[in-house]
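Here are my notes on the helix packing in this model. Please read them alongside the coordinates.

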Amino acid sequence: MDQDNTLKTGVFQSRGLFIKISLTFLLLLIGLGLVYFFSSTQMAESHFQEKNQRLNANIAKSISQELKPFLDGQLNEKATDDIMHYMMAVNPSIEVYLLSPSGKILNYVAPYKKVKLESVSLDPIKEFIATDGQKYIVGDDPRQIGRKKVFSATKVEEEGKVLGYIYVILASEEYDSVSSLLWGSYILKLGSRYMITTLLAALTVGIIAFWFITKNLSKVIQTVQRFKNGEMSARIPSKPGDEINTLAVVFNEMADTIVGNIENLKSMENLRRELVGNVSHDLRTPLAVIHGYVETLMIKNKDLDKEERKKYLKIVLEGTERLKKLVNELFELSKLEAHQISPDKEPFSISELIQDISQKYQILAEEKGIQISAKISEANLLVYADVALIERVLQNLIDNAIKFTPEKGKISIEINENGYDAVEIKVSDTGKGIPQDQMPFVFDRYHIGDKRVSLDKNSTGLGLAIVKKILEIHDSKIFLNSKLNQGTSFSFQLPQYQ
């Protein structure tokens, strides 16, 4: 039922996204279409006006050849009116103006005599004459202030002196009105036919593309919903080149990380429970011993002589020492297993460290009749590791060797260069050895192997497990070699400091 709801939710969300994207795309297309449409019409209008100017560029020259607007330097209004009216009768779309050398309107022929400007700018006129009408130029429209129009123009000269200019507007106001009506009709046809057709085609293609994209996106949503609902194995199928391949890869990596973290948390919880179980089990025996002897001391307080009291107190003291050692090693191992201890690596002389440790254990070894020796191939051999943790490793290995080496036995600590970049450290004894079937388990917690640990009341059964964990965080391994009735050796490697 939950899976059906998840699928429905994913489909609904993908459809909603599809609709939003489609509407956004439609509005974008309409906006772009309008911008393109109006810019195209403006360009078309400019092109039409430029073509009109090019075709009629010489009309002002033609008028000047027929018109003699000045006689003896004076304006001939009658002749000017006649020829200008004739030209407008031939081409009613034009307006003809006679200008002074400064641009002042001297005479004109325009419908309804509606002229608002007294003069026009000469700059466009001079530029037009200079380029011989081959450049698209607009000039002032005398009938509409601020508006520019295409024109034709020429100079009126007499004996090399400029008497004025003939200025012809090529599209009169009446022509503009008719042109606007026709242009509006053309625009309406163009918009209704081509623009709408183009928009519909683009919208159709876009919607199909978005449908394919959101179809794949619905799979992503469904997978995320399944993962959210506890299906930790849910992953997004990915294909190289797929548009959601990157998203799928990132999500799958994230999901793997989350699952890995959950597994680590579970492992940590199991370690915590195991620690609590081990502590409660292992503390029971020494606590019971301590409690029993303390209770005896209290009950028989008056009946015990000095020697018995001293004996009982010594047992209690040994029990507390064992209890203290057990608690310390339990927490040390738990921190190592929980990765709460990181090695503080530095270069140090492994030779000096082994000499110091062997001297510390010399008295204890002599008390048991054991000979302990250090064999060092080079006096000043440097390794790169955590000196305190490596000292702990060596102490545990030597403790273990002393426990299981009989009287008159031997313990040796060797250092050998293993190639150019590694140093091998080996701790060997001449004890009874370890049975073959027990060797794979000697580094486990509380492993008693051939019952040797159980016979030693001072052993916690955690020493070798701690050794293994310390070497693991140094990216090293502990190796075991043992033969019954011949002895046991433990060896490991550390990186040599260059």
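**Notes on helix packing**

1. Start with handedness. Helices H7 and H12 cross in a left-handed sense. Left-handed means that the near helix is turned anticlockwise from the far one by less than a right angle, and right-handed that it is turned clockwise. Helices (H or I, at least four residues) and strands (E, at least two) are DSSP runs, numbered from the N terminus.

2. The basis is a predicted model, where local features need pLDDT of at least 70, side-chain atom pairs count only at pLDDT 80 or more, and totals for chains, interfaces and linings use all residues. Residues are numbered from 1 along each chain as its sequence is written, and side-chain values use heavy atoms, leaving out hydrogens and water.

3. H7 covers residues 306–337, and its axis lies 10 Å from that of H12 at an angle of about 30°. H7 is therefore roughly parallel to H12 (angle under 35 degrees). Axes are lines fitted to C-alpha atoms, for helices over the stretch in contact; angles run from 0 to 180 degrees between N-to-C directions.

4. On the H7 side, Glu329, Glu332, Leu333, Leu336 and Glu337 meet Gly463, Ala465, Ile466, Lys469 and Ile470 of H12. Contact means heavy atoms within 4.5 Å. This H7–H12 contact has five nonpolar, one polar and four charged residues. Nonpolar covers Ala, Val, Leu, Ile, Met, Phe, Trp, Tyr, Cys and Pro; charged covers Asp, Glu, Lys and Arg; the others, Gly among them, are polar.

5. H12 (residues 463–472) also packs on H10 (residues 387–404), with axes coming within 9 Å and crossing at roughly 150°. The pair is therefore roughly antiparallel (over 145 degrees). This crossing is left-handed.

6. Which H10 residues meet H12? They are Leu389, Ile390, Arg392, Val393, Asn396, Leu397 and Asn400, facing Gly463, Leu464, Ile466, Val467, Ile470 and Leu471. By class, the H10–H12 contact has nine nonpolar, three polar and one charged residues.

7. H8 (residues 350–360) packs against H10 at about 40°, axes 11 Å apart. The crossing of H8 and H10 is right-handed. Ile350, Leu353, Ile354, Ile357 and Lys360 of H8 contact Val387, Ile390, Glu391, Leu394 and Ile398 of H10. Eight of these residues are nonpolar, none polar and two charged.

8. Overall, the protein has 12 helices and 14 strands. Of its 498 residues, 39% are buried, meaning under 20% relative accessible area (1.4 Å probe, protein chains only).

Terms used. Parallel < 35°, antiparallel > 145°, perpendicular 65-115°, else oblique. Buried < 20%, exposed > 50% of the residue type's maximum accessible area, 1.4 Å probe, protein only.
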